[in-house]
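Dear colleague,

Please find below the structure that I am handing over to you, together with its sequence.

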Amino acid sequence: MMLWIFISCLALFLVWTAVNSFFMPVLPGFPSVKGNPLLSVLVPMRNEERNVEALVDALKKSSYPNSEFIILNDQSSDRTQQLLEAETADDSRFTLLQGAQLPDGWVGKVYACHQLQRAASGDYLLFVDADISFTPAAFEQSLSLLQQTGAKSLSGFPAFEVAPFLSKLLVPMQHFVVFFHLPLYLANYRIFPAATAAHGAWMLFDRQAYDDIGGHEAVRNSLVEDVHISREIKRAGHRMVLANVTKSVNSRMYETNPEVWEGFLKNSYTGIGRSPVMAVILTLFYTGFYVFPLLLALFGLFIGKPLFLLPYMLGCLQQLYVMVRTRQNPLLAFLMPIQAGAMIAVLLHAMKKSWSRQAYSWKGRNYS
């Protein structure tokens, strides 16, 4: 009896994820932008020499005709500046800025974005990360969807390249958490700040609405500024749209396993408001519904009970559905119990660091 209740819960989770996903709009295949607004594409860069060439190439190939590209070198210690100068020298759309010293009370990326917007002239601001690539029509598609919905901000989680093993475990869980836990109807069709998610790699704002909330200065000390600035948009009475941008936007967030760990460490516990209660609830939930089924399946194989494999298969099917919708490698769905375990591990480690007042480290800077 308990096994069937367990199976029923996992089946309901699968159905809910599928239904919920239909409230996330996709970028239009045939975009139509009203007017010819100036788009400012703003890129913070700190020690991004490995990404300069690909990013600049993608910017140059953009099909949107009225845009400016502003890139800020945030005190890089590698060859970022030299490569930027070489790659952008023949294109007047590019402006290169030198980042100022980080003031007290600011997070590095947030201050870089703040400096970028001060140099921008656009009717719309698009903040993108240095590690993304995108199709030539991606800017038009995003502007078109923003105008169609009447929203003042748009964001989306890219399709992710997952080279290091740890990224194969942790990175796909970003899409899973959004499709499963975020009520997308409330997120996309209601002004409800608590139901908000965003990804800093692709964030588009109506300039007037952005200025009205105080821009990035309003979230200057946030390690999850993408979510917090989106909530500010909603608190100001505007809609914010979380779109499925995976057909047009791709990201290679991490190159090494330590980068993956540090990147998720700074965001996981902070992302749930540093709530130990929520951390415990999530740990118990994911252990019970997504880690335990693997053990149950192995036990079922050992004693010859095929029914014991069903919870594991349902959890993997749920992840498989998300991965197909977001253009991830579907074979990684069968690692769902290990992915859930890795997510729990990084959350608990982040909570421990927070409690012991140890700093989170990212790109050579420490944050408490």
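At what angle do helix H1 (residues 2–21) and helix H13 (residues 310–325) pack, and how far apart are their axes? In this predicted model, the angle between H1 and H13 is about 5 degrees, and their axes lie 9 Å apart. Because angles under 35 degrees count as roughly parallel, H1 is roughly parallel to H13. On the H1 side, the residues in contact are Leu3, Phe6, Ile7, Leu10, Ala11, Phe13, Leu14, Thr17, Ala18 and Ser21. H13 contributes Leu310, Pro311, Leu314, Leu317, Gln318, Tyr321, Val322 and Arg325. Divided by class, this contact of H1 with H13 comprises 14 nonpolar, three polar and one charged residues.

The contact of H7 with H14 has seven nonpolar residues, one polar and no charged.

H1 also takes part in a surface feature. A nonpolar patch is formed by Val15, Val19, Phe23, Tyr185, Leu186, Tyr189 and Phe192, which together have about 570 Å² of accessible area. H1 and helix H8 (184–189) are the elements that give two or more residues to the patch, and the largest share, three residues, comes from H8. Phe192, also part of the patch, is located in the loop between H8 and strand E8 (202–206).

With kind regards

Key. Residues numbered from 1 in each chain as written. Predicted model: local features only at pLDDT ≥ 70, side-chain atom pairs only at ≥ 80, totals over all residues. Heavy atoms only, no water. Axes fitted to C-alpha atoms, helices over the stretch in contact; angles between N-to-C directions. Helix = DSSP H or I, 4+ residues; strand = E, 2+ residues; numbered from the N terminus. Parallel < 35°, antiparallel > 145°, perpendicular 65-115°, else oblique. Contact = heavy atoms within 4.5 Å. Nonpolar A, V, L, I, M, F, W, Y, C, P; charged D, E, K, R; others polar. Patch = residues over 30% accessible without salt bridge, like charges linked within 9 Å, V, L, I, M, F, W, Y side chains within 5 Å. Areas by Shrake-Rupley, 256 points an atom, 1.4 Å probe, with all protein chains shown as cover. Salt bridge = Lys/Arg side-chain N within 4 Å of Asp/Glu carboxyl O.
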